[in-house]
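User: Please take me through this structure in questions and answers, giving the criterion behind each term as it comes up.

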Amino acid sequence: MTVLSSFSVVAPNHCFRFRSSATTNTIRMSLTETPSISKIIDSHLHVWASPQEASKFPYSPGQEPNLPGHVDFLLQCMEEAGVDGALIVQPINHKFDHSYVTRMDIALLDSTLICGHLMTNEIGKAIFKRAGELNVPVGFMCMKLCTEFPSTVVLLDHLAFCKPPLNDEEGLVFSKLLNLSRFPQVYVKFSALFRVSRTKFPYLDLSPHLSQVVSSFGANHVIWGSDFPFVVPECGYKGAKEAVHLIANQIPLPSSDLEWIMGKTAAQLFQSQLSSAK
Ligand SMILES: [Zn+2]
């Protein structure tokens, strides 16, 4: 499937972090109470050790980051942008060493290791199947596996890297993505907009895209993600959130749909894990 070929070198290790909650318990409470105002959840970002922290949490050889992505910086950005929670994806800088992402001050709710490249071999299939049994969403996709293991939730990163189509071939790829909405277990991340758009901030060429994705999948199958810290030099962390509002305004998208995209979908999707986290 061409739609996703270039991604998933990163093994997603999902965990929720809420900037103001000190304990898992508080986090669980905050999401199961069905608050009147939805929480804003960033469903795609990475953190890695600062150079100072690297003595304790070493980078994988040759994977020294060239921009800051430490937890304190993230929390500061989230605070400024008014983002309440985050779904952290294991960064390549620490390869398979999850100790930084799972350190004590990040409330770990689930740690699953999924490697996209291996998904169609026996081990990959076993992981994919097990993820379904454990109710753990998998951050990549493959149509064959969706048919074979319908109970495993699949998250498509960054609109499956479908840029606004410039020709028939690209249009076809995008329609294939929309076709995946026939699998109710498939969710689309409206994330890393700077990677998908062909224009500058606020990436308004993605309005027709978002409109079609929401029509096909439903807003309750679309989740926003920033791709912090890569987004910071692009349009700033705050800009990542603002862009979605500006894009949605152009459609225009009902505010209830926007609420789903900005946090409700993620909260619902990961609620079972939040509830079962001890
Ligand atoms: Zn990413």
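Analyst: Two strands pair if DSSP finds at least two bridges between them, and helices (H or I, at least four residues) and strands (E, at least two) are DSSP runs, numbered from the N terminus. This is a predicted model, in which local features need pLDDT of at least 70 and side-chain atom pairs count only at pLDDT 80 or more, while totals for chains, interfaces and linings use all residues. Residues are numbered from 1 along each chain as its sequence is written.

User: Which residue is the bridge partner of Phe190 in β6?

Analyst: Strand β5 (residues 186-191) pairs with β6 in the parallel sense, over four bridges. In β6, Lys189 has Ile223 as its bridge partner. For Phe190, the bridge partner in β6 is Trp224.

User: In what order do the three strands of the open sheet stand?

Analyst: Strands of a sheet pair through backbone hydrogen bonds, either parallel or antiparallel. Here the pairing is parallel, and the three strands form an open sheet in the order β4-β5-β6. Because β4 (154-156) and β6 each have a single partner strand, one side of each is left without a neighbour in the sheet, and the strands at the edges are β4 and β6.

User: What does the twist average from one strand to the next?

Analyst: The sheet in question is the open one with the order β4-β5-β6. Axes are lines fitted to C-alpha atoms, for helices over the stretch in contact, and angles run from 0 to 180 degrees between N-to-C directions. From one strand to the next, the twist averages 30°.

User: Why do the buried residues of α2 line one face of the helix?

Analyst: In α2 (residues 71-81), the buried residues are Leu74, Cys77 and Met78. The face turned away from them carries the exposed residues Asp72 and Glu80. The arc is that of the directions from the helix axis to the C-beta atoms. Seen down the axis of α2, the buried residues line one face because they fall within an arc of 100°.

User: Which elements do the buried residues of α2 pack against?

Analyst: Two residues are in contact if their C-beta atoms, placed from the backbone, lie within 7 Å. On that basis, the buried residues of α2 pack against β2 (41-45), β3 (85-88) and α8 (232-250).

User: Is Glu133 buried or exposed?

Analyst: Glu133 is found in helix α3 (residues 122-134). Because 10 other C-beta atoms lie within 10 Å, Glu133 is exposed.

Notes:
A residue is buried if 20 or more other C-beta atoms lie within 10 Å of its own, exposed if 12 or fewer, and partly exposed in between; C-beta atoms are placed from the backbone.
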